[in-house]
Amino acid sequence: MTRSSAPGKVYLFGEHAVVYGEPAVPCAIERRARVGVQRRDDEKLRVHAEDLSLDGFTVEYGGGADQQPDVDVSESLVSAAMGYVDGAIEQVRDVTGEDAGFDVTIESDIPLGAGLGSSAAVVVAAIDAATRELGVTLEPTEIAERAFQTEYEVQDGQASRADTFCSATGGAVRVEGDDCRSTEAPDLPLVIGFDGGAGDTGELVSGVRSLREEYTFASDTVEAIGDVVRNGEDALAAGDFEELGRLMNFNHGLLSALGVSSRSLDSMVWAARDAGAYGAKLTGAGGGGCIVALDPSDETETALSYTPGCEETFRAELAEEGVRRIE
Ligand SMILES: Nc1ncnc2c1ncn2[C@@H]1O[C@H](COP(=O)(O)OP(=O)(O)O)[C@@H](O)[C@H]1O
Ligand SMILES: C[C@@](O)(CCOP(=O)(O)O)CC(=O)O
Ligand SMILES: [Mg+2]
């Protein structure tokens, strides 16, 4: 059995707009997905995903449209579950040239579909573990590129390189189109609020795409997010938390205008601001899930713990390290 882990992330700035070539700055956090991979004697793929539903489930199937898995959970849950892992294994077969089968076990500290990049972390860790299981070691940047291809396919051609590059390399990163690089970040006092829900990344990205096609002011909004990000980069380099917070607030407003916030995300954002956070915004695709706030004091966490609609709040530490092997 070969095991790897990879971190989730928050977006300081730039989600959604990054899909259309604007820059974004995500930041890896110490919440990880761990994937264990064991080669099989046949070409089947068997996936055990503890966290996918309350009880977890195991599916075994041969792959291909005619061989649907025989399990007692809804088909949409299974296809959502299998899409990313299937795609990751396809990439591994492509790199190694071997039609290998695997037993895959996934455990994760990252809530699903909540904007903390669980999909990217699972795909990155799976590609690393499965290639190493076959004796091939890839550089983090190649894992990032392969993981991006997987997200791109599963999300119907609508994905940026931001999540997968950030998860593979760790730290804070800057992504603009296919230009992906690490960037310096001070120690950021990040507080997360989680509403216990999830958003559908593909649907939310499609919604923004339609708005952009319909209204010039919606495509202007996407460009305005790019301007916020460029200002945010200067604030990050200067370690100016007040300016970072102000820009995070602005970024949230623009995302809200694009229709990807929700009542609970807005409540958590306002609770954080009222508690004295420098700033707060939703992170990731939105629709439900998580917000990220900047607050070195305990006030935001305390306020969020009393906010209706907030199910969990925690401090997020920057993950310096991206994908890594588990001995
Ligand atoms: N622990 C896990 N086990 C299996 N699949 C997972 C796990 N965590 C995430 N995934 C996959 O990632 C998908 C969620 O990704 P996405 O909608 O992009 O949200 P996010 O990346 O913000 O968490 C899930 O539907 C599932 O396919
Ligand atoms: C909305 C988007 O910018 C980020 C999605 O992040 P997440 O999967 O919700 O963590 C999409 C993308 O960049 O591929
Ligand atoms: Mg995702």
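Modeller: This is a predicted model. In it, glutamate 176 stands opposite aspartate 179 of β7.

Biologist: How many bridges join β6 to β7, and in what sense do the strands run?

Modeller: Five bridges join β6 to strand β7, residues 179-183, and the two run antiparallel.

Biologist: What about the turn of the hairpin: which residue takes a positive phi there?

Modeller: Glycine 177 does, with a phi near 60°; the hairpin has two residues between its strands.

Biologist: And how many residues of β6 are buried?

Modeller: Four of its five residues are buried, so strand β6, residues 172-176, is mostly covered.

Biologist: Turning to the helices, how do α3 and α4 cross?

Modeller: The axes of α3 (residues 140-154) and α4 (residues 162-169) come within 8 Å and cross at roughly 150°. The two helices are therefore roughly antiparallel to each other, the cut-off for that term being over 145 degrees. Their crossing is right-handed.

Biologist: Which residues make the contact?

Modeller: On α3 they are Pro140, Thr141, Ala144, Ala147, Phe148 and Glu151. On α4 they are Asp163, Thr164, Phe165, Ala168 and Thr169.

Biologist: Which of the UniProt annotations covers Asp163?

Modeller: The unreviewed UniProt entry has "active site" at Asp163. In the model, aspartate 163 lies in helix α4.

Biologist: Is aspartate 163 buried or exposed?

Modeller: Aspartate 163 is buried, because its relative accessible area is 13% and the limit for that class is under 20%. Leaving out residues up to four places away in sequence, aspartate 163 touches Lys9, Tyr11, Gly117, Ala120 and Glu151.

Biologist: Now the open sheet of four strands, please: what is the strand order?

Modeller: The order is β9-β10-β8-β11, with antiparallel pairing. Strands β9 (279-282) and β11 (312-316) stand at the edges with a single partner strand each, so one side of each has no neighbour in the sheet. From one strand to the next the twist averages 20°.

Biologist: How does β8 pair with β11?

Modeller: Strand β8, residues 190-194, pairs with β11 in the antiparallel sense over five bridges. Within that pairing, glycine 193 stands opposite threonine 313 of β11.

Biologist: Which helix packs on the sheet?

Modeller: Helix α7, residues 241-257, packs there and touches β9 and β10 (290-294). The direction of α7 makes about 30° with that of β9.

Biologist: Lastly, which residues does UniProt list for the GHMP kinase C-terminal domain?

Modeller: The unreviewed entry lists residues 234-300. Over residues 234-300 the chain is 54% helix and 13% strand, with the end C-alpha atoms 25 Å apart.

Notes
Residues are numbered from 1 along each chain as its sequence is written. Chains are lettered from A and ligands numbered from 1 in the order in which they are written. This is a predicted model: local features need pLDDT of at least 70, side-chain atom pairs count only at pLDDT 80 or more; totals for chains, interfaces and linings use all residues. Side-chain values use heavy atoms; hydrogens and water are left out. Two strands pair if DSSP finds at least two bridges between them. Axes are lines fitted to C-alpha atoms, for helices over the stretch in contact, and angles run from 0 to 180 degrees between N-to-C directions. Contact means heavy atoms within 4.5 Å. UniProt positions are given in the numbering used here, feature names are shortened, and annotations may be inferred rather than shown by experiment. Buried means under 20% relative accessible area, exposed over 50%, partly exposed in between (1.4 Å probe, protein chains only). Angles under 35 degrees count as roughly parallel, over 145 as roughly antiparallel, 65 to 115 as roughly perpendicular and the rest as oblique. A crossing is left-handed if the near helix is turned anticlockwise from the far one by less than a right angle, and right-handed if clockwise.
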